[in-house]
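Please have a look at the picture first, and then read on.

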Amino acid sequence: MYICNVATDVYGKKHNIKLRLNSTPSYTELVNYIESHFDVTVRSTRPEGYLDIPFKVHTIKIFDCILSKWVDLYSTAQLTQECQLYAFQPENTWHSDMQGRIPRPKPVVTWRAAYGEARRKRG
């Protein structure tokens, strides 16, 4: 089992999950897993009057423990067991990433759309 901690900001609140995977994913698979999980979070916590916008990953950062800073994730070869990732969404009027403390990761039931399978898209 391979575990990555993935944080993001949803409507001004930080979320952090333990993403459990059977093996090291490709970059595209990792993005698919993150979008699949957090899209449910976005849909279930959407404030009244906000547009229904699917969760999309714009950039992923990984915390580099050697450099003690966040760096861009370019390849899943950078992943280590229990690494901390941060998924940034594209900026829009309904969402912006705010600086703040990332909570401890919570275990979740992992489900996702299979790579290449139809998923929710922006209209």
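In strand β5, Gln84 is the bridge partner of Asn5. Helices (H or I, at least four residues) and strands (E, at least two) are DSSP runs, numbered from the N terminus. This is a predicted model, in which local features need pLDDT of at least 70 and side-chain atom pairs count only at pLDDT 80 or more, while totals for chains, interfaces and linings use all residues. Residues are numbered from 1 along each chain as its sequence is written, and side-chain values use heavy atoms, with hydrogens and water left out.

**The strands and their partners**

The protein chain holds 1 helix and 6 strands. Read from the N terminus on, its elements follow the order β-β-α-β-β-β-β. Two strands pair if DSSP finds at least two bridges between them. The 6 strands form an open sheet with mixed pairing, in the order β4-β3-β5-β1-β2-β6. At the edges are β4 (69–72) and β6 (106–107), each of which pairs on one side only.

Strand β5 has β1 (residues 2–10) as a parallel partner, over 4 bridges. Val6 has its bridge partner, Leu85, in β5. Strand β3 (residues 59–64) runs antiparallel to β5, again joined by 4 bridges. Strand β3 is also joined to β4 by 4 bridges, and these two run antiparallel. The hairpin of β3 and β4 has 4 residues between the strands, and there Ser68 takes a positive phi near 55 degrees.

Here are some of the bridge partners side by side.

| Residue | Bridge partner | Strand of the partner |
|---|---|---|
| Asn5 | Gln84 | β5 |
| Val6 | Leu85 | β5 |
| Ile62 | Val71 | β4 |

Ile60, in turn, stands opposite Ala87 in β5.

How much of β5 is buried? Here 5 of its 6 residues are buried, so the strand is mostly covered, where buried means under 20% relative accessible area, exposed over 50%, and partly exposed in between (1.4 Å probe, protein chains only). Across the 123 residues of the protein chain, 39% count as buried.

Two buried cysteines deserve a look. Cys4 has 0% relative accessibility, and Cys83 has 6%. A disulfide is a covalent bond between the sulfur atoms of two cysteines. In this model, it is counted when a pair of cysteine sulfur atoms lies within 2.5 Å. The sulfur of Cys4 is 3.8 Å from the closest cysteine sulfur, in Cys83, which is too far for a bond. A search of the whole structure accordingly finds 0 disulfides.

**The largest pocket**

Rolling a probe the size of a water molecule over the atoms shows where empty space is left. The search uses a 1 Å grid over the protein atoms alone: a pocket is an open set of points where a 1.4 Å probe fits, with protein on both sides within 12 Å along at least five of seven lines, and lining residues have an atom within 4 Å of a point. A volume is the space filled by probe spheres set on the points.

The largest pocket has about 230 Å³ of space. Its lining has 11 residues, and Trp70, Tyr86, Phe88, Gly100 and Ile102 lie nearest its centre. Strand β5 (residues 83–88) gives the largest share of this lining, 3 residues. By class, the lining has 5 nonpolar, 3 polar and 3 charged residues. Here Ala, Val, Leu, Ile, Met, Phe, Trp, Tyr, Cys and Pro count as nonpolar, Asp, Glu, Lys and Arg as charged, and the others, Gly among them, as polar.
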